[in-house]
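Subject: Handover of a structure and the findings on its interior

Dear colleague,

Please find below the structure that I am handing over to you. I would be grateful if you kept it open while reading the notes that come after it.

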Amino acid sequence: MVNTGEPSDSRPMLPPCDHAPARYTGPGPEEILALRRDYLGPGAFTYYRRPLCILEGRLQYVWDHAGRRYLDAVGGIASISVGHCHPKVTAAACEQLNRLVHTTTLYLHPTVVALARVLAAHMPHGSGLQAATFANSGSEANDLATMMARLHTGRSQVLALQNGYHGGTQTTMAFTALGTWRFPLPTPQDVAFCPPGYCYRCPFGLSHPGCDLKCARSVENTIRYETCGEVACFIAEAVQGVGGVVVPPPGYFQIVYDIVRRHGGLCIADEVQAGLGRTGRHFWAFENWGVVPDMVTVAKGIANGAPLSACVTRQEVAASMTRRLHFNTFAGNPVSAAQALAVLRTIEEERLRDNAERVGAYLKTGLLALQERCELIGEVRGMGLLIGIELVKNRVTKEPAGEVAAEVCERARDRGLLVGKSGLSGNVLRLTPPLCLTRDDAEFVVDCLAECLPGLGG
Ligand SMILES: Cc1ncc(COP(=O)(O)O)c(C=O)c1O
């Protein structure tokens with residue numbers, strides 16, 4: 001049945017939307033699946049038992065091949081920042097597409113420097129974070145950041161966090177500490193992992209507050225016992241997205257940054273998933289901890305779904321890249337850069353950061369109320385519109401309920417809601433919708449999940 005948002009039964013109803021998708025006459029899901037089997041590498045996986053074919057999007061909504069509408073609470077895993085096909089971003093892309101699609105940094109182009117300048121303006125005042133090196137994906141940006149840190153310090157030791165995700169290339173996989181995302185390859189050298197601030201599953205079995213933030217302080221021990229003591233850099237997500245929307249306690253990053261800097265290392269904030277106003281109060285997620293990194297990496301939502309990423313640091317750190325030739329063909333592509341400029345402008349003009357804070361808080365309140373009625377919900381956490389709902393079989397043992405999370409995703413999809421999964425056991429429902437989500441949408445998410453969670457409606 002086509003879900004037009006009109007009432008058909010007592011199920012939660014999608015808020016109204018006046019966009020009508022174009023009629024689709026191309027290959028259906030079965031045919032596309034068959035073509036994928038033949039022509040795509042088998043490593044490309046899909047969500048859902050019956051994989052979904054999405055063909056059109058407007059702001060927070062997407063439509064499938066049959067014209068059925070969904071609220072997109074995944075947002076391309078935080079890649080759709082201001083909303084699908086946002087008219088301001090589309091206009092900027094079209095204008096640039098009509099002028100010039102490609103030029104490299106070998107030639108001068110105004111858009112890429114304009115973007116770098118606006119990005120610099122968003123960095124903490126007086127931080128000197130203004131030298132941008134562009135690339136095409138989050139993995140590449142993190143690869144660049146750690147490479148620059150190693151070159152600048154003349155050291156090789158990288159520190160990262162357990163449960164963190166930094167990309168799928170061989171280098172960034174080495175900094176990723178989720179076994180499910182690592183291939184059996186030779187163990188990378190000079191990478192050590194520190195305990196995350198994952199209070200719900202405290203690595204030391206302690207409770208916050210009253211734990212003296214042992215997780216953060218133990219970084220000193222990681223350095224002393226697992227490294228030569230000379231640190232090149234520490235890379236971390238302020239909120240671990242793939243790891244299950246893990247929000248470290250207040251004070252965590254101040255302590256860790258201080259330890260890392262005492263050992264001569266640079267601090268890299270991986271803002272690929274949590275940045276650009278997604279956490280609401282601040283533009284960057286690290287700002288929620290009052291720290292100032294030495295390098296910031298950004299990707300995903302920066303160009304609202306177009307491939308673009310950047311590593312932003314101080315000029316003296318970036319200067320290490322002049323020691324050899326370094327070139328990236330598509331980096332700073334003018335179309336992606338024009339889209340990114342439009343995204344940054346739209347976030348300000350439409351006050352989307354405020355919206356993320358307000359609607360995110362409203363959504364979280366609704367989910368916390370669900371938690372009171374549903375034993376399966378171990379914890380609801382997150383900031384702004386980056387929210388995780390950790391499902392457990394038992395609130396005392398906290399045994400992860402990954403199969404239940406998968407089933408909830410299936411049921412939600414049947415009701416017109418797309419939600420993501422995260423966490424090592426896939427048991428954390430992850431909400432990363434476009435930042436233009438409304439209160440009505442938030443109510444729909446809560447009502448829909450109430451229907452889908454076993455023990456409530458499901
Ligand atoms: C925090 C973080 N860093 C890096 C990456 C890698 O980005 P990409 O998939 O664009 O290479 C991701 C992707 O999910 C991410 O969440």
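Predicted model: local features only at pLDDT ≥ 70, side-chain atom pairs only at ≥ 80, totals over all residues.

Nonpolar cores

The largest nonpolar core contains 106 residues, and the members that touch the most others are Leu363, Leu367, Leu391, Leu417 and Leu449. Helix 14 (residues 439-452) gives the largest share of this core, namely eight residues. Both domain 1 (29-82 + 352-452) and domain 2 (89-349) are represented in this core, with at least three residues from each.

What does Leu363 touch, leaving aside residues up to four places away in sequence? Its contacts are Leu385, Ile387, Leu431, Leu437, Ala442, Val445 and Val446. A separate core, apart from the largest one, has 20 residues, including Leu144, Met148, Val191 and Ala318.

Cavities

The largest cavity has a volume of about 80 Å³. Its lining consists of 14 residues, and those nearest its centre are Cys199, Cys202, Leu206, Cys211 and Cys215. By type, the lining of the largest cavity comprises ten nonpolar residues, three polar and one charged.

The second largest cavity has a volume of about 50 Å³.

I turn next to an open space. The second largest pocket holds about 660 Å³ of space. It is lined by 24 residues, with Thr105, Ala132, Thr133, Phe134 and His326 lying nearest its centre. At least two lining residues come from each of helix 4 (110-121), strand 4 (131-135) and helix 10 (315-318). Strand 4 supplies the largest share of the lining, four residues. The lining of this pocket has 14 nonpolar residues, ten polar and no charged.

Backbone points

The loop between strand 6 (191-194) and helix 7 (214-217) contains Pro209. The peptide bond that leads from His208 to Pro209 is cis, and its omega is near -5 degrees. Leu213 is also found in the loop between strand 6 and helix 7. Phi of Leu213 is near 50 degrees, which is a positive value in a residue other than glycine.

Is Leu213 buried or exposed? Its relative accessibility is 10%, and since buried means under 20%, Leu213 counts as buried.

Arg351 likewise has a positive phi, near 50 degrees, and is a residue other than glycine. Arg351 belongs to the loop between helix 11 (334-349) and helix 12 (352-373). With a relative accessible area of 56%, Arg351 is exposed, because the term applies to values over 50%.

Yours sincerely,

A colleague

Note on methods: Residues numbered from 1 in each chain as written. Heavy atoms only, no water. Core = buried A, V, L, I, M, F, W, Y, C linked by side-chain atoms within 4.5 Å. Buried < 20%, exposed > 50% of the residue type's maximum accessible area, 1.4 Å probe, protein only. Domains from an automatic or database assignment. Contact = heavy atoms within 4.5 Å. 1 Å grid on protein atoms, 1.4 Å probe; cavity = no way out; pocket = protein on both sides within 12 Å on 5 of 7 lines; lining within 4 Å. Points joined across faces, edges and corners; volume = space filled by probe spheres on them. Nonpolar A, V, L, I, M, F, W, Y, C, P; charged D, E, K, R; others polar.
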